[in-house]
Amino acid sequence: MMASSYNAKEEDGHHSGASSGTGLSKNKKPDNTAFKQQRLPAWQPILTAGSVLPAFFVIGLIFIPIGIGLYVTSNNIKEFEIDYTGVSSDSPCYNCAKNFTWNTTEPCVCTVNFTLLQPFESNVFMYYGLSNFYQNHRRYVKSRDDRQLNGDLSALTDPSKECEPYRKSGDVSIAPCGAIANSLFNDTLVLYYVDSNNSKIEVPLVKKGIAWWTDKHVKFRNPAGNSNLTLAFRDTAKPVNWAKPVYELDPSDPDNNGFINEDFIVWMRTAALPTFRKLYRIIQKKSGTTPTLPNGNYMLNITYNYPVLSFDGRKRMILSTISWMGGKNPFLGIAYITVGSICFFLGVVLLIIHHKYDNRNTSADIPS
Amino acid sequence: MIKVAHIGVGISGQEGMQAVLSSDFSFAQFRYLQRLLLVHGRWSYIRMCKFLGYFFYKNFTFTLVQFWYAFFCGFSAQTVYEDWFITFYNMVYTALPVLGMCLFDQDVNDRWSLYHPQLYAPGQKNQYFNKKAFVSYLIHGCYCSLIIFFIPWASMNDAVRNDGKDIVSHPSFAFLLQTCLLIVVHTQLSLDTYYWTAVNHFFVWLSTIGYFAISVTMYSNGMFYVFPSSFPLFGAARNTLNQPNVWLTIFLTFLLCILPVVAFRFIFIQLRPTINDKVRYKMRTEELTAPAPRRLLRRRSTRSGYAFSHSQGYGDLVTSRKFLIKRPLKMTALFTQTDSSIFQNQPQHYRTIAEEPQSP
């Protein structure tokens, strides 16, 4: 009969889990542990005025000096930018831009004159900047073979499918394959200082030390087995839009030739935004108190190889000094000052609100 | 009634197990219904609503950042995060903390829940997760995604490292956004969790530190040597995280997302405190002492009222009193106790009706 299966259980809530007096059946009561009865010791924070208001004031008081520091640092960074695309007919590179052809044997050279009003101290970094160039387009970003760039011999002759259509040139595989490598920036920029006698002094530009150390020494490696790079790359073709093959990027320096050429490495690090700048050369600081770039007239000699007008892009050259926070960017400083002020003001407002309405919480009139 | 009710509760007892087998919840005494509703039901409702709201919020934030990036990548569906982060985000980095909140969260403990049954009202009125709440989570996610994308975007515009080298490469930008996003969603969860047990602490800190550990491992030399094509973001972690402007950007993003939430909640607590807020505040300032446990002899009812509609049932068996323990009958008055026995967690007493024993 069903009723005989009824158990005589202790129902008193405070009785701990002892088995029933009959001893016939197991006690099905859950354990009276803190975990199973949801009584674990816990920290129960609530938002009180004593915690929120000081937090707002402290944040406000910390942010404003940080913001001022950032803004002053950014203002002390010297930066000079010049667009040399050659869009308007009175710009020096207009002819080079207009008459650009892919099959040119004679490179087009144009010269841009500019003046630095202030001397640049310490190391000066020369960047090239591109605008409206979508290095972050999905098909473009995927179009590379990291194994080939790491020196893998099998990938050298059989690159990844992602590199299509820049994978093979006829029957021969391209090294380095892919659209990113194919669109390597190949303008040459040379800087001259024009002194008071109108004589041109070339500013020494250092081309090593511009790529990330991890890139140069780990990620990018030349194919192994042959220190003669011409032989190492013999079964490959150069990318379609390159003038020279990869082992001729810098024949004078074997540590900067082939895949480990630093200009190539810098270009292969795809930018995240359509307007970007990439490090081109470094101008080392001079010993003593001479400024690295004294103020005065300068001449920039450009070998115009890189066409950007077809997609309405722009090219520019930037000279910049560096600080502990990087390049010139007033945004962080202004943002910190703004947020700090708003925080402080909000703290004051909350203090007023708390002062006027605080009695509501402390009153015991919880409606029943 | 069965069609309209939200849950069905069965009482197991002398009438058998039929109700137990066909109900959602079952227990042995009517008085447990109070605990079921006011304590466990209420906690369950709050946990579910918090869980749902937080899940929607974190996924809105995560996805809308990709949406804003589309305007800057030529609408080419390039992901702003790295692929492995997208895989791990919901499975590893944010799974455990939400689980912890959903299992352990309590706004007030059980004794206070029983003492103030009015706390049950928000569940009945569907206040914590309705269309308005959903839209507010959506707007909150949208706002946070705007901050998480545009503050790093503005800060990294034409930015470089402090040794002049590149920092706005796609891997570094992705890593910065990922870090901002994770810190913001973990802090939002911390604000939502009202009951911090050791398990909650463990899950949240494990997830945050685990993110950094996993990222650094994935972007390290070892993984790159083994799978160069799968881990292309090699070097991003160590070259990004040693830059002060990256950390300053992360800090600014985190505060801009969290401070409005704190300010709003504080203002609402001050201007329009709900019953919940008042009880939590009271719980902090007063201690509700538990009454001393009193063991009272349980009085079992000697009769039960029941009916089977389809068959005669066991009526004769029950009323024959064959298996009842004979106790001395006591005359009990109605309403012997003046204070609430529910509060003291004692069994309630019912008036017993003595019947003439029937001959079987």
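Is C142(B) buried, partly exposed or exposed? C142(B) is partly exposed, because its relative accessibility is 25%. Here buried means under 20% relative accessible area, exposed means over 50%, and partly exposed lies in between (1.4 Å probe, protein chains only).

## Basis of the model

This is a predicted model: local features need pLDDT of at least 70, side-chain atom pairs count only at pLDDT 80 or more, and totals for chains, interfaces and linings use all residues. Residues are numbered from 1 along each chain as its sequence is written, chains are lettered from A and ligands numbered from 1 in the order in which they are written, and side-chain values use heavy atoms, leaving out hydrogens and water.

## Disulfides of chain A

A search of the whole structure returns 3 disulfides over all chains. A disulfide is a pair of cysteine sulfur atoms within 2.5 Å. With the bonded cysteines of chain A numbered in sequence order, the pairing reads 1-4, 2-3, 5-6.

C93(A) bonds to C110(A), with 2.0 Å between the sulfur atoms. The pair links distant parts of the chain, 17 residues apart: C93(A) is in the loop between β1 (79–83) and α2 (94–98) of chain A, and C110(A) is in strand β2 (residues 108–116) of chain A. Helices (H or I, at least four residues) and strands (E, at least two) are DSSP runs, numbered from the N terminus. The S-S torsion of C93(A) and C110(A) is about 85 degrees, so this disulfide is right-handed. C93(A) is buried at 1% relative accessibility. C110(A) is buried too, with a relative accessible area of 3%.

## The other two links

C96(A) and C108(A) form a disulfide with sulfur atoms 1.8 Å apart. The torsion about their S-S bond is -85 degrees, and the link is left-handed. C96(A) sits in helix α2 of chain A and C108(A) in strand β2 of chain A, so the pair ties together parts 12 residues apart in sequence. C96(A) counts as buried at 5% relative accessibility. C108(A) is partly exposed, with a relative accessible area of 29%.

C163(A) is joined to C177(A), S to S 1.9 Å. This pair also links distant parts of the chain, 14 residues apart: C163(A) lies in the loop between α5 (153–157) and β4 (168–169) of chain A, C177(A) in the loop between β5 (172–174) and α6 (179–182) of chain A. Both C163(A) and C177(A) are buried.

C180(B) is in no disulfide; the nearest cysteine sulfur, that of C257(B), is 8.4 Å away. C180(B) is buried, with a relative accessible area of 1%.

## Annotated spans

An unreviewed UniProt entry places the feature "transmembrane region" at residues 46–72 and 331–353 of chain A. UniProt positions follow the numbering used here, feature names are shortened, and annotations may be inferred rather than shown by experiment. Residues 46–72 of chain A are 89% helix and 0% strand, with end C-alpha atoms 39 Å apart. Residues 331–353 of chain A are 100% helix and 0% strand, and their end C-alpha atoms lie 32 Å apart.

F220(A) is in the loop between α7 (213–219) and α8 (229–232) of chain A. F220(A) counts as buried at 2% relative accessibility. Neighbours within four places in sequence aside, its contacts (heavy atoms within 4.5 Å) include R144(A), L149(A), F259(A) and F264(A). F220(A) and F264(A) are 44 residues apart in sequence and 9.9 Å apart in space, C-alpha to C-alpha.
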